[in-house]
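Load the model in your viewer and keep the selection panel open. The stops below go from whole chains to single residues.

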Amino acid sequence: MGATISIAITVNGEARQVAAGASLSDLLAQIGLDIRKVAVERNLEIVPRSSYATTALVEGDQLEIVHFIGGG
Amino acid sequence: MDATVAGDDSWSVAGLSFRSRLIVGTGRYKGLEETGAAIAASGAEIVTVAVRRVNLGDPGAPMLQDYVDPKRYTYLPNTAGCFTAQDAVRTLRLAREAGGWNLVKLEVLGPPPFLYPDMRETFVALEALLKDGFRVMVYSSDDPIACKRLEEMGAVAVMPLGAPIGSGLGIQNPVMIRAIIEQAKVPVLVDAGVGTASDAAQAMELGCEAVLMNSAIAHAQRPVLMAQAMKAAVEAGRLAYLAGRMPRQYAADPSSPLNKGVLGRN
């Protein structure tokens, strides 16, 4: 006992472990991203920025975190 | 004074009004600093941007917004690199969430080496985007039928290519570009193919509302200087279009009187 239970998710194609019960906000903070500059898709659905704190991550979630880059 | 000479010659797309008729891409520069400097020199008010995965290994890396201020420029998210309608729609939904606006550029490409617009996929994507509330500027083949159909579906601008993306070949199809402009009720922009300033001027002389380019500036030996050149070329081409060029003819028509000879001999 005592060890935090973690769940496996995929972020931008990479396997990642997060604490069970973690929210999307927690994950973004853990990665160190400025949420004003990114957008997130969870299992092919857009997650509105206003819902990051209330979006609980679950085992097997597929997340895409994107931002703007230079392009034509 | 003529309104145009006074500098009041704005154009509008999707209800937004702009003074600059040059739209520039933000890709292919040596770095973000050069990107920012070239875009400032171009005088552009709209910049195209792409959407990609964040590099999780370097989350603190400088981002485009740090050098190209979204408050100063209207970001036009594009779907560069999308080869299917589904990918394009998904990309623009993410872009809307990242930036919070509806004006976007749709491009769905066919395979290399020409990356020519895939119009079947483009039509499918446009329909989905319009249903989803987007205002869509559409990269198109230089096909008047396709461009008309895009307009009828609800595209806010049609953007036929002058030549393949990044080719710098200049406008290979002036007759078709003109045909597309003559029939259009929405702005027509040449998008792709411009190589140097005279190409941009030509697009404007043909009657385009604006020109969109990226590589012609970013891949010039001196991008910031070329950005200035493009700004001047677009302005010159626009003025020449408004002025109306003289008719072409196949014989000389001297500017000085010839009838009396140089010194007025009998």
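A residue is called buried here when its relative accessible area is under 20%, exposed when that area is over 50%, and partly exposed in between. The model is a predicted one.

**Stop 1: chain A**

Select chain A and colour it by burial. Of its 72 residues, 40% are buried. Switch to a cartoon view to follow the one helix and five strands. Starting from the N terminus, their order is β-β-α-β-β-β. With the principal axes as reference, the C-alpha atoms occupy a box of roughly 55 × 25 × 20 Å. If you draw the contacts between residues at least 6 apart in sequence, 47% of those in chain A link residues at least 24 apart.

**Stop 2: chain B**

Now select chain B, which has nine helices and 10 strands. Its C-alpha atoms fill a box of roughly 90 × 40 × 40 Å along the principal axes. Buried residues account for 49% of the 266 residues in chain B. Among chain B contacts that span at least 6 positions in sequence, 63% join residues at least 24 apart.

**Stop 3: a helix pair in chain B**

Two packed helices are described by the angle between their axes and the distance between the axes. Select residues 85-99 of chain B, which form helix 3, together with residues 119-131 of chain B, which form helix 4. The two axes come within 8 Å and cross at roughly 35 degrees. The crossing of helix 3 and helix 4 of chain B is right-handed. Show side chains at the contact: helix 3 of chain B contributes Ala85(B), Ala88(B), Val89(B) and Leu92(B). Across from them, helix 4 of chain B contributes Glu121(B), Val124(B), Ala125(B), Ala128(B) and Leu129(B). Sorted by class, this contact has eight nonpolar residues, no polar ones and one charged residue.

**Stop 4: the largest pocket**

Rolling a probe the size of a water molecule over the atoms shows where empty space is left. Which residues are closest to the centre of the largest pocket? Its volume is about 460 Å³. To find it, select Arg28(B), Ile165(B), Gly166(B), Asn214(B) and Ser215(B), the closest to the centre among the 27 lining residues. Coloured by class, the lining shows 10 nonpolar, 13 polar and four charged residues.

**Stop 5: helix 7 of chain B**

Select residues 197-205 of chain B for helix 7. Its buried residues are Ala197(B), Asp199(B), Ala200(B), Ala201(B), Ala203(B) and Met204(B). An α-helix has 3.6 residues a turn, so residues three or four places apart point the same way. Next, display what covers the buried residues of helix 7 of chain B, including strand 9 (189-191), strand 10 and helix 9 (223-243) of chain B. After helix 7 of chain B comes Gly207(B), with a positive phi near 110 degrees.

**Stop 6: two alanines with positive phi**

Step back to Ala192(B), in the loop between strand 9 and helix 7 of chain B. Its phi is near 90 degrees, a positive value in a residue that is not glycine. Is Ala192(B) buried or exposed? Ala192(B) counts as buried, because its relative accessibility is 11% and the cut-off for buried is under 20%.

Then select Ala14(B), which sits in the loop between strand 1 (11-13) and strand 2 (16-18) of chain B. Ala14(B) also is not a glycine, and its phi is positive, at about 50 degrees. With a relative accessible area of 22%, Ala14(B) is partly exposed.

**Stop 7: prolines in loops of chain B**

Select Pro62(B) in the loop between strand 4 (46-53) and helix 2 (64-67) of chain B. Pro62(B) has 52% relative accessibility and therefore counts as exposed. Leaving aside residues up to four places away in sequence, Pro62(B) touches Leu32(B) and Tyr67(B). Draw a C-alpha to C-alpha distance from Pro62(B) to Leu32(B): the two are 8.2 Å apart in space and 30 residues apart in sequence.

Finish at Pro113(B), in the loop between strand 6 (103-106) and helix 4 of chain B. The peptide bond that leads from Pro112(B) to Pro113(B) is cis, with omega near 5 degrees.

Conventions:
Residues numbered from 1 in each chain as written. Chains lettered and ligands numbered in written order. Predicted model: local features only at pLDDT ≥ 70, side-chain atom pairs only at ≥ 80, totals over all residues. Heavy atoms only, no water. Axes fitted to C-alpha atoms, helices over the stretch in contact; angles between N-to-C directions. Helix = DSSP H or I, 4+ residues; strand = E, 2+ residues; numbered from the N terminus. Left-handed = near helix turned anticlockwise from the far one by under 90°. Contact = heavy atoms within 4.5 Å. Nonpolar A, V, L, I, M, F, W, Y, C, P; charged D, E, K, R; others polar. 1 Å grid on protein atoms, 1.4 Å probe; cavity = no way out; pocket = protein on both sides within 12 Å on 5 of 7 lines; lining within 4 Å. Points joined across faces, edges and corners; volume = space filled by probe spheres on them. Buried < 20%, exposed > 50% of the residue type's maximum accessible area, 1.4 Å probe, protein only.
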